[in-house]
Amino acid sequence: MKYSKEVTGMWTKLKKQFYLFTEKWGYIDKPTAKSYKDYHFSIHNLEEQNFIKRLWSVCAVEELSEYWHAFEDGEDHVKEECCDYFNFVMSGFIAMGYELKDFPPIDPKASFGKPLDIENKEKLKKILWELSDAIHYATNKLKNRPWTQANFKVDMGKFVPRIMNVWNLTWAFIRLNFKDWNDFMKHFNAKIDINIKRIRSKY
């Protein structure tokens with residue numbers, strides 16, 4: 001499946017940020033791997049499951065909370081928080097080894113929704129709940145725990161549809177928050193640049 005330059009460029013930036021992040025901060029502690037690119041990820045292992053849970057159930061969901069409070073208080077960093085959420089969720093997919101070809105196509109020319117305003121608070125609460133629930137519902141299939149000795153294999157037949165739901169809901173969320181693809185890319189690129197500078201400076 002062929003993807004537009006806009007979409008492949010976005011994915012390339014996400015991967016660059018992710019690899020730099022994992023290499024600088026050592027989130028995967030494997031002495032045999034020089035970098036995350038060389039690391040053999042297995043969703044069935046405890047360490048890897050904890051990593052995905054940290055990215056999604058902790059970091060991404062926290063960003064949704066920051067997004068909500070910025071929206072409710074009328075602050076000007078709502079779109080930045082939306083991009084933060086997006087980055088953590090996409091990092092989870094990259095960590096699990098997914099590529100663009102594994103997902104439904106993304107069309108930059110597809111219509112974006114009318115931006116939400118304060119009159120849409122109840123609608124937005126529902127959307128944020130659906131996103132949080134989808135994330136926790138997916139990571140709930142990662143059954144290995146630090147306090148258990150058993151090594152549970154992930155039921156991929158149930159896990160994959162759940163993470164695909166996270167993908168679809170995330171893109172629906174993006175389209176609600178930006179006027180069009182250019183507006184999204186403007187904020188996305190600005191946040192990626194900030195993140196990379198912070199990672200390199202050990203902010």
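Q: Which residues gather in a patch of positive charge on the surface?
A: Good place to start! Keep in mind that this is a predicted model. The patch brings together Lys 13, Lys 16, Lys 24 and Arg 200.

Q: Which helix gives the most to the positive patch?
A: That is helix α1, residues 5-25, with three residues. Lys 16 lies in this helix. With a relative accessibility of 47%, Lys 16 counts as partly exposed.

Q: How many helices and strands are there in the chain?
A: You can count six helices and zero strands. Following the sequence, you will read the pattern α-α-α-α-α-α.

Q: What share of the residues in the chain is buried?
A: A residue counts as buried when its relative accessible area is under 20%. Here, buried residues make up 48% of the 203 in the chain.

Q: How many salt bridges does the structure hold?
A: To spot one, look for a side-chain nitrogen of Lys or Arg within 4 Å of a carboxyl oxygen of Asp or Glu. This structure holds eight salt bridges. In one of them, the side chain of Asp 183 meets that of Lys 79, at 2.7 Å from N to O.

Q: Why does the pair of Asp 183 and Lys 79 tie together parts that are apart in sequence?
A: Because Asp 183 lies in helix α6 (residues 181-200) and Lys 79 in helix α3 (residues 78-95), the pair links parts 104 residues apart in sequence. Asp 183 is buried, at 8% relative accessibility, while Lys 79 is partly exposed, at 23%.

Q: Which residue meets Lys 191 in a salt bridge?
A: The partner is Glu 80, and the N to O distance is 2.7 Å. Lys 191 is in helix α6 and Glu 80 in helix α3, so this pair ties together parts 111 residues apart in sequence. Lys 191 is buried, at 5% relative accessible area, and Glu 80 is partly exposed, at 30%. There is also a network of salt bridges here, which links Glu 80, Asp 84 and Lys 191.

Q: How many disulfides does a search of the whole structure find?
A: A disulfide is a covalent bond between the sulfur atoms of two cysteines. The search finds zero of them. Take Cys 82: the nearest cysteine sulfur, that of Cys 83, is 5.8 Å away, and a disulfide needs the two sulfur atoms within 2.5 Å. Cys 82 counts as buried, at 0% relative accessibility.

Terms used: Residues are numbered from 1 along each chain as its sequence is written. This is a predicted model: local features need pLDDT of at least 70, side-chain atom pairs count only at pLDDT 80 or more; totals for chains, interfaces and linings use all residues. Side-chain values use heavy atoms; hydrogens and water are left out. Patches are made of residues with over 30% relative accessible area and no salt bridge: like charges are joined within 9 Å, nonpolar side chains (Val, Leu, Ile, Met, Phe, Trp, Tyr) within 5 Å. Accessible areas come from the Shrake-Rupley method with a 1.4 Å probe; for residues, only the protein chains shown count as cover. Lys and Arg count as positive and Asp and Glu as negative; His and the chain ends are not counted. The place of a charge is taken as NZ of Lys, CZ of Arg, CG of Asp or CD of Glu. Helices (H or I, at least four residues) and strands (E, at least two) are DSSP runs, numbered from the N terminus. Buried means under 20% relative accessible area, exposed over 50%, partly exposed in between (1.4 Å probe, protein chains only).
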